[in-house]
Amino acid sequence: MNLARRTMNHPAFALAYERIWRPTSFLAATGRTMQADRRDAVRTLRLSGARTVLDVACGPGNFTHYLSRRLPGDGYAVGIDFSVPMLRRARADNRGPRAGYVRGDARRLPFPDGGFDAVCCFGALYLIPDPMLAAAKMIRVLAPGGRIAISTSHRSDGPLGRVSTAVGGAGGLRVFDAGTFPELFAEAGLVEIEQQVHGLMQYVSATRPG
Ligand SMILES: C[S@@+](CC[C@H](N)C(=O)[O-])C[C@H]1O[C@@H](n2cnc3c(N)ncnc32)[C@H](O)[C@@H]1O
């Protein structure tokens, strides 16, 4: 297990993640707050028209619970992650009547085809050993007409980008070209593909045709 994966499985990291690590590291990498990312997730996933959302690699549930509260009616959100310490934090800090958590691997999602109206995966594809397989599985569980949204690393040629690629690579983090996920989504037949780049991260969303 590489350094990044070992870190995600450490109870102390899981404890500090939502309040300290996530806000500071993403602010440094993107210039954006977690609140801005959460609001954009609700918008890009079009949750006002969704009933179910799957949050892949949910960590301590820092998006899952927020998203569950933005679903209309009796909609619910499911978070899946393989880290036991992260899921403990999710159940302690981000439980709610419409948020639930499952332990599992993003590459083998234990859900039926088309089972969710919205699927997201934020800040995790660069950690997953086979990110393309994980993305394909997310598309598999997305219902026709549903939205998928991801945020992940973005290759930047500036000095900061080169440093982060080198440091991240040594720790087991992958860096993706801007075209990787838009092309993957287009090849899978998704439409309405949107991409934004903020600093070292890219945000990509798309619709599965109805
Ligand atoms: C940096 S956290 C992201 C948490 C949250 N989505 C966010 O945006 O703040 C990355 C998470 O990915 C999870 N993860 C990494 N590889 C995974 C895999 N193959 N299957 C499920 N979860 C995975 C880690 O356990 C960790 O909780």
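1. Buried means under 20% relative accessible area, exposed over 50%, and partly exposed in between (1.4 Å probe, protein chains only). By that cut-off, β1 is covered on both faces: T52, L54 and V56 on one side and V53 and D55 on the other are all buried. In a regular strand the side chains alternate between the two faces of the sheet.

2. The model is predicted: local features need pLDDT of at least 70, side-chain atom pairs count only at pLDDT 80 or more, and totals for chains, interfaces and linings use all residues. Residues are numbered from 1 along each chain as its sequence is written, and side-chain values use heavy atoms, leaving out hydrogens and water.

3. Strand β1 spans residues 52-56. Strands (E, at least two residues) and helices (H or I, at least four) are DSSP runs, numbered from the N terminus. β1 pairs with β2 (residues 76-81) in the parallel sense over 5 bridges; pairing takes at least two DSSP bridges. β1 also runs parallel to β4 (residues 116-122), joined by 3 bridges. V53 stands opposite A77 in β2 and opposite A118 in β4.

4. Helix α2 (residues 11-30) packs on helix α5 (residues 84-93) at about 45°, with axes 8 Å apart. Axes are lines fitted to C-alpha atoms, for helices over the stretch in contact; angles run from 0 to 180 degrees between N-to-C directions.

5. Contact means heavy atoms within 4.5 Å. P11, F13, A14, L15, Y17, E18 and R19 in α2 meet P85, M86, R89 and D93 in α5.
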